[in-house]
Amino acid sequence: MQQLRVHRVRLSEGRLTLRPMTERDWETIRPWNNDPEVLYYWEGDDVTSRPIEAVQELYRTVSQSAYIFIIELDDVPIGDCWLQEMNLPEILDRYPGMDLRRIDLAIGKKELWGKGWGSRVIGLLTRFGFQKCGADAIFGCGVGDHNPRSRRAFEKNGYKIIHTVPQPPGRKAGFTFNLMLTRERYYKLRETISEPK
């Protein structure tokens, strides 16, 4: 049986820490993988819960090409996230020969929604992706128009919409968006932010 690929990367900023996920974390992530409201924003139309076996298969598979983290606030787990090598053919085909990554995340503690923690997680993963992993571009993929918080969290970090994909009638999202931040834009934004006023 495939096991979770565990890494040693730890990212932090103030009260927020992204620590490596391990095989001991299945009970940690179970609540938000079985919360219909969390999954409404995180998954496809028909997913309202996930059996632990499906959760394990998903995370173990993703971990083979990703850094998976548990998001902690003041040492308390509040969600999970990953920085993964791009796996969508339509994006890989559009940018051949480039090191492309994608960010996926969920804040599982609903009382923390809308407080900027997702944006800060994206910021940490973005910095890690460009400064340590050498990515050429990083993406937020399939962000539904029913989830404006997620879109804003990427946009606050400099990501721009590059594809708008209409969804079939009756879906919870009318459109999904792919957002991208290039290495060049990332460093240009950093220069702008660090310039004295």
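The axes of helix 5 (residues 117–131) and helix 6 (residues 148–156) come within 8 Å of each other and cross at roughly 45°. This is a predicted model. The crossing in which helix 5 passes helix 6 is right-handed. On the helix 5 side, G118, S119 and I122 take part, meeting A153, F154 and K156 of helix 6. By class, the residues of this contact comprise three nonpolar, two polar and one charged.

A second pair is formed by helix 1 (residues 26–33) and helix 3, which pack at an angle of about 110° with axes 11 Å apart. Since angles of 65 to 115 degrees count as roughly perpendicular, helix 1 and helix 3 are therefore assigned to that class. Helix 1 contributes W26, I29, R30 and N33 to the contact, while helix 3 contributes I52, V55, Q56, Y59 and R60. Five of the residues in the contact of helix 1 with helix 3 are nonpolar, two are polar and two are charged.

Attention now turns to the largest pocket, whose volume is about 1100 Å³. Its lining consists of 48 residues, of which Y41, W42, L105, N147 and S150 are the closest to the pocket centre. Elements that each supply at least two lining residues include helix 2 (36–42), helix 3 (52–63), helix 5 and helix 6. Strand 4 (76–85), strand 5 (100–107), strand 6 (137–144) and strand 8 (175–182) likewise each supply at least two. The lining of the largest pocket has 20 nonpolar, 16 polar and 12 charged residues.

Notes
Residues are numbered from 1 along each chain as its sequence is written. This is a predicted model: local features need pLDDT of at least 70, side-chain atom pairs count only at pLDDT 80 or more; totals for chains, interfaces and linings use all residues. Side-chain values use heavy atoms; hydrogens and water are left out. Axes are lines fitted to C-alpha atoms, for helices over the stretch in contact, and angles run from 0 to 180 degrees between N-to-C directions. Helices (H or I, at least four residues) and strands (E, at least two) are DSSP runs, numbered from the N terminus. A crossing is left-handed if the near helix is turned anticlockwise from the far one by less than a right angle, and right-handed if clockwise. Contact means heavy atoms within 4.5 Å. Ala, Val, Leu, Ile, Met, Phe, Trp, Tyr, Cys and Pro count as nonpolar, Asp, Glu, Lys and Arg as charged, and the others, Gly among them, as polar. On a 1 Å grid over the protein atoms alone, a cavity is a set of points where a 1.4 Å probe fits but cannot get out, and a pocket is an open set with protein on both sides within 12 Å along at least five of seven lines; lining residues have an atom within 4 Å of a point. Grid points are joined across faces, edges and corners, and a volume is the space filled by probe spheres set on the points. Angles under 35 degrees count as roughly parallel, over 145 as roughly antiparallel, 65 to 115 as roughly perpendicular and the rest as oblique.
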